[in-house]
Amino acid sequence: MGRFIFFTFFSLVSLLVIFPTVIPQSKPVMAQPLYTNSRWIVDEGGQRVKLACVNWVSHLEAMVTEGLSKQPVDAISKKIASMGFNCVRLTWPLFLVTNDSLASVTVRQSFQSLGLSDTISGIQANNPSIIDLPLIKAFQAVVSSLGANNVMVILDNHISKPGWCCSNSDGNGFFGDKYFNPDLWIKGLTQMATIFNGVSNVVGMSLRNELRGPRQNVNDWYRYMQKGAEAVHSANPDVLVILSGLSYDRDLSFLRNQQVNLTFTGKLVFEMHWYGFSDGQAWLSGNPNQVCGRVVDNMMRLSGFLLDQGWPLLVSEFGMDLRGTNVNDNRYINCFLATVAELDLDWALWTLVGSYYLREGVIGLNEVYGVLDWSWCENRNSSFLERISAVQSPFRGPGLSETKLHKVIFHPLTGLCVLRKSLFEPLRLGPCSNSEGWSYSAQKTLTLKGTYFCLQANELENPAKLGIICTDSTAKWETISDSKMHLSTKVNNGSTACLDVDSENTIVVSTCKCLGRDNMCDPGSQWFKLVDSTRSSISTKSFLQMDSILALPGKDFVWKLLRSALE
């Protein structure tokens, strides 16, 4: 009788594992205007809208959105949407709307003044409708194209005088600098907010990019940023008002004890920037575990604390050398993606741009941080786009209570999550949209939600497995190292080991690496982040069904037999 029940149980489980009930994933719908609800950005119905943006540059000398000599604007807009971005942070120079001599300059005339005859030919071929438009009208045409492709826009006042940004001495850094007259800045913000009042896909305005330089001070920050915020809201009450901090958008720490004083609510967002080079060459010269722990702690001190205070925080610039040869960037991005997933941050990648008309005196400069290649035809690094896809959708937030709160096990090196194909096959990495729901107990066990199955180690260099003997030391998983991303346990011989991934994306148990000070070691394969989520997945329904089977009369007898078979 016991044998019969044992095999009947496994037959039912096998069917549920092999033929899971698929729960369709909801496709995000663009809904404007947007508001804030505590730390979240939401639509009019109160549903979270996660901003997953890419930066598109329009602030250089030509004052024309980059790439229009290479591809039709509609093709670029469609490409943005196809890559999973729902938003563009569109940069603009203040002089575009405040310099009267530029008001009637056309796209053709702007490039003629720079001696870029080949660029004119390219725009004539790819975007003939804008070639003789005034610069601001060409800018509006780009916004319109994005809207037609269901892509939201954040207008970012990147600089005053058109050109590459940024340095401490470029005259654009802080209020009172050579090209940064506060009154003219407020006038320009007001004009831009007015121009795009009623344009439904323009959902936010970032008041100024990367405040910096020797003039920067907290008193003037409050004085002028509050004035700018009020001016934008008065001219266009629909848009989110996005405020940057000091020291190249890294420092908002002064807000910890004194918040801004504004007449409006439900529209305020803060922004910060985070690159690998923000910390020099620390990722290259230091141990990645130690650097990640230190950098994340510093970020939380300077800006991340705002989330706990109930304010949305947008990482409006991050990025890496997409050629894959920059060790500093390669190590940084693992830590960055883990943090973005854990905090479920809104973000904007730098950059869409594959090449520039003219940057710092170089015609056609190749942008190695650009997701598009030099020709704007192909993706520069498709695996990177796959890697960030997991954080393009929200894990949680208002209106996203599809299931009870659970954990997903996120692997930042690949952008994938831990999945199980069946109870009898090794755990593997796969799309986070299909991720298991896990619970992490006070006893340090990782258990599949709705089941009695927990994650267990066996022998070194062997796959991790699911089991039901969850009190054993091989089922206890501690988060160790300064990065807090190594999941450590004991294997059968009593030695310490860490969760790892092999060359086929199978979850294995290996000797823990990079726990010392070695700066030549890369712990990426062993970094996992336990991320809170309320998103449903394909597997959740299957295991809920299985749990109902285990609630049938006689379940204790079945479990007793099953434990005996596995022990």
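1. A cavity is a set of grid points where a 1.4 Å probe fits but cannot get out, and its lining residues are those with an atom within 4 Å of such a point. With that meaning in mind, the second largest cavity of this predicted model is lined by Phe395, His406, Val408, Cys432, Ser435, Glu436, Ser533, Arg535, Ser536 and Ser537. Its volume is about 50 Å³. By class, this lining holds five polar, three nonpolar and two charged residues.

2. How many cavities of 30 Å³ or more does a search of the whole structure find? The search finds three.

3. Strand E8 (268-273) and helix H10 (288-308) each supply at least two of its residues. H10 gives the most, with five residues.

4. The side chains of aspartate 279 and arginine 250 meet in a salt bridge, at 3.5 Å from N to O. Aspartate 279 belongs to the loop between E8 and helix H9 (282-285), while arginine 250 belongs to the loop between strand E7 (240-243) and E8; the pair therefore ties together parts that are 29 residues apart in sequence. Aspartate 279 counts as partly exposed because its relative accessibility is 22%, and arginine 250 counts as partly exposed at 26%.

5. The structure holds 17 salt bridges. One of them joins lysine 78 and aspartate 74, with 2.6 Å from N to O. These two residues stand four apart in helix H2 (residues 73-82), so about one helical turn separates them. Lysine 78 is partly exposed at 44% relative accessibility, and aspartate 74 is partly exposed at 32%.

6. Another salt bridge connects aspartate 132 with arginine 108, the closest N and O atoms being 2.8 Å apart. This pair links distant parts of the chain, 24 residues apart: aspartate 132 is in the loop between helix H5 (117-126) and helix H6 (135-148), and arginine 108 is in helix H4 (residues 107-113). Aspartate 132 has a relative accessible area of 46% and is partly exposed; arginine 108, with 24%, is partly exposed. Salt bridges that share partners also join Arg48, Lys50, Asp344 and Asp346 into one network.

7. Seven disulfides are found in the whole structure. Cysteine 53 and cysteine 87 form one of them, with an S to S distance of 2.2 Å. The link is right-handed, with 85° about the S-S bond. It connects distant parts of the chain, 34 residues apart, cysteine 53 being in strand E3 (residues 52-56) and cysteine 87 in strand E4 (residues 87-93). Both cysteine 53 and cysteine 87 are buried.

8. Is the link of cysteine 454 and cysteine 470 left-handed or right-handed? The link is left-handed, with -105° about the S-S bond. The S to S distance is 2.1 Å. Cysteine 454 counts as buried because its relative accessibility is 0%. Cysteine 470 has 18% and is buried, since the term covers values under 20%.

9. A further disulfide joins cysteine 498 to cysteine 512, with 2.0 Å from S to S. The link is right-handed, at 95° about the S-S bond. Cysteine 498 is in strand E23 (residues 496-501) and cysteine 512 is in the loop between strand E24 (507-510) and strand E25 (529-533), 14 residues apart. Cysteine 498 is buried, with a relative accessible area of 0%, and cysteine 512 is buried, with 16%.

10. In soluble globular proteins, nonpolar side chains tend to be buried together. Here the largest nonpolar core has 127 residues, and those with the most contacts inside it are Trp56 and Trp221. Helix H11 (residues 327-343) contributes the largest share of this core, nine residues. Apart from it lies another core, of 25 residues, including Leu427, Leu429, Leu448 and Leu466.

Notes:
Residues are numbered from 1 along each chain as its sequence is written. This is a predicted model: local features need pLDDT of at least 70, side-chain atom pairs count only at pLDDT 80 or more; totals for chains, interfaces and linings use all residues. Side-chain values use heavy atoms; hydrogens and water are left out. On a 1 Å grid over the protein atoms alone, a cavity is a set of points where a 1.4 Å probe fits but cannot get out, and a pocket is an open set with protein on both sides within 12 Å along at least five of seven lines; lining residues have an atom within 4 Å of a point. Grid points are joined across faces, edges and corners, and a volume is the space filled by probe spheres set on the points. Ala, Val, Leu, Ile, Met, Phe, Trp, Tyr, Cys and Pro count as nonpolar, Asp, Glu, Lys and Arg as charged, and the others, Gly among them, as polar. A nonpolar core is a set of buried Ala, Val, Leu, Ile, Met, Phe, Trp, Tyr and Cys residues joined through side-chain atoms within 4.5 Å. Buried means under 20% relative accessible area, exposed over 50%, partly exposed in between (1.4 Å probe, protein chains only). A disulfide is a pair of cysteine sulfur atoms within 2.5 Å. A salt bridge is a side-chain nitrogen of Lys or Arg within 4 Å of a carboxyl oxygen of Asp or Glu.
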